[in-house]
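Reader: Could you walk me through this model, one question at a time? I would like to start with how the chains meet.

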Amino acid sequence: MWEVIYYLDLTGTFAFAVSGALSGIEKRYDIFGVLFVGFITALGGGTTRDLLLGAAPVSWMHKITYLYVVLLGVVLTFLTHRHIMKWRKTLFLFDSIGLGVFTLVGIKKTLEFGLSWEIAIMMGVISAVLGGILRDVFNNEEPLILHKEIYATACFAGGLLAFVLSTLGAEEVIQIPVAIILIILVRLLAVRFHWSLPVATKRE
Amino acid sequence: MWEVIYYLDLTGTFAFAVSGALSGIEKRYDIFGVLFVGFITALGGGTTRDLLLGAAPVSWMHKITYLYVVLLGVVLTFLTHRHIMKWRKTLFLFDSIGLGVFTLVGIKKTLEFGLSWEIAIMMGVISAVLGGILRDVFNNEEPLILHKEIYATACFAGGLLAFVLSTLGAEEVIQIPVAIILIILVRLLAVRFHWSLPVATKRE
Amino acid sequence: MWEVIYYLDLTGTFAFAVSGALSGIEKRYDIFGVLFVGFITALGGGTTRDLLLGAAPVSWMHKITYLYVVLLGVVLTFLTHRHIMKWRKTLFLFDSIGLGVFTLVGIKKTLEFGLSWEIAIMMGVISAVLGGILRDVFNNEEPLILHKEIYATACFAGGLLAFVLSTLGAEEVIQIPVAIILIILVRLLAVRFHWSLPVATKRE
């Protein structure tokens, strides 16, 4: 199972790098700028998780394949961005896979540090969503994810399911794939049916 | 004494979470976005201090009460924000308590790492003010604190007083409360009498 | 040689602090705000490098001279900013020296952690450029460096040269100064001749 998750993790990293690169191209950054935003988007969440846990040097320093996947995603995007809309459904699927896998990998790593499930779910969500938030901060834009997407909620639901399954005694080989699939489904359905979270109504 | 400081620390955390949540509501973020900004505001300063000191996993991962206080502050704000102006004086007092307590807790923790008083005062100021700065950065606004409030200065004055008292041989049980009170007083008086720091005049 | 590099490192820190302080004055921050941006610009890159490597407490906590150099740069800038354009060529040279030295110091430190040359070059570039990017993020502006300057590229070229020289068996006493000089030269020539990196052309 872990081998499959490893490849799905790389798939998600690729999709996040493409999303970051596209935002940098939109901003008319040069190739270095596009690369920088691609890295932040793809690796910012996991890096923050590692720093908060005290797991430095952070993981991509030892698993250098992740850097090359980001580089590949950014360079391909830079060269083919005019035609990339053809692949937008595939990219959206990859992005959703990344969301699910990043969440569960973050949860597992946090539990391995002997921390509680509450913290683990929180770290799972951070691993999955912070890259996109940092992308917007470095692009000098209001973070999109804070506004209008069921994004963190999908990750949270998956984390909660993993916790429930674990409490019921399910093995990781059941728990993790089921939770990942829930996250992907919630994400896909949320976009399909325009689900959103409540916004506080302002005082007139 | 430490028990009192612990409860004051939670009080400050609550006030900072409310301040963050209000800024997120103003931005029309959804409930997740409001929660995110509440966390950053309340825990961003202490988290950065812990990371710079090398004290990871950061403290709220082990003291989970802080997370629940933030959650409480954010949810209450989300539900009652139309009426929150009634409490603004109480919140301002709580916020000032937070400023004082965060500074002294930051100083004490840094000294326990064997670092110098200069670094300790700097870390105290960072613990107290960085949450508010990060709130503005994630909200895509110019950090208010850098502009026009005697905010960091109050913390710095309190840190300096703690250092002087410590040099004179005062015990912690004197030193820490006196310094906290100074910070709260400077903050209250600064707002009351519109004190501000010099701004460099621009070249015409 | 290390003593010379130490003084050049302080020179670069000074120049970066001045650059940060000028941006804060431009924003009409008060003296605390100007100091904050000066610190972020001068020490943000090296601090991030240390955090990613797991080298906390970060280096300026033990080498307090760096803090005083930043303080000096900021205070001098605050007092003399009306006349500072007279020194702009000197400052630009100091800034370029900083770029070169920060890169090579970052590379050396990363290699000492037993990490690969790829990661070391990346950490070298981050050490040199992230301070300027964080300055713009905290100023709520789009990071200039991502747009239009051969800045990271100069650092990358220097890092690559150090790697090649090291592979060819050159000693550090040759390798490091030569790479620093290359970075300074590329930077000076890029500004002189308006070199820039490719930008992706947008879909019409």
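Reader: How many residues of chain C are in contact with chain B?

Author: Happy to start there, with the reminder that this is a predicted model. On the chain B side, 25 residues take part in the contact. On the chain C side, the number of residues is 21.

Reader: Which element gives the most to the side of chain C that touches chain B?

Author: Two elements of chain C give two or more residues to that side, namely α2 (31–53) and α5 (117–138). By class, the residues of the side divide into 3 polar, 4 charged and 14 nonpolar. With 5 residues, the element that gives the most is α2(C).

Reader: By what turn can chain C be laid on chain B?

Author: The superposition has an RMSD of 0.0 Å, and the shift along the axis is 0.0 Å. The two copies are thus related as by a three-fold rotation axis.

Reader: Which residue of chain C comes closest to the rotation axis?

Author: Here the distance is taken from the C-alpha atom, and it comes to 3.7 Å. The residue of chain C with that closest approach is Asn140(C).

Reader: How many nonpolar residues has the side of chain C that touches chain A?

Author: On this side, 25 residues of chain C are in contact with 21 residues of chain A. The elements of chain C that give two or more residues here are α2, α5 and α6 (152–167). By class, the side has 5 charged and 6 polar residues, and its nonpolar residues number 14.

Reader: How many of the residues of α2(C) are buried?

Author: The helix α2(C) is largely enclosed by the rest of the structure. Just after α2(C) comes Gly54(C), with a positive phi of about 85°. As for burial within α2(C), the count is 22 of the 23 residues.

Reader: Now for chain A: what is its radius of gyration?

Author: Chain A has 7 helices and 0 strands, and its C-alpha atoms fill a box of roughly 55 × 50 × 30 Å along the principal axes. For 204 residues the globule rule gives 17 Å, and the value for chain A is close to this, so chain A is as compact as a globular protein of that length. The radius of gyration of chain A is 17 Å.

Reader: Is Ser96(A) buried or exposed?

Author: Ser96(A) is found in helix α4 (residues 88–112) of chain A. Beyond its neighbours within four places in sequence, Ser96(A) is in contact with Ile184(A), Arg187(A) and Leu188(A). Ser96(A) has 23 C-beta neighbours inside 10 Å, and a residue needs 20 or more to qualify, so Ser96(A) counts as buried.

Key. Residues numbered from 1 in each chain as written. Chains lettered and ligands numbered in written order. Predicted model: local features only at pLDDT ≥ 70, side-chain atom pairs only at ≥ 80, totals over all residues. Contact = placed C-beta atoms within 7 Å. Helix = DSSP H or I, 4+ residues; strand = E, 2+ residues; numbered from the N terminus. Nonpolar A, V, L, I, M, F, W, Y, C, P; charged D, E, K, R; others polar. Least-squares fit on C-alpha atoms with pLDDT ≥ 70 in both. Buried ≥ 20, exposed ≤ 12 C-beta atoms within 10 Å, placed from the backbone. Rg over C-alpha atoms; globule rule 2.2 N^0.38 Å.
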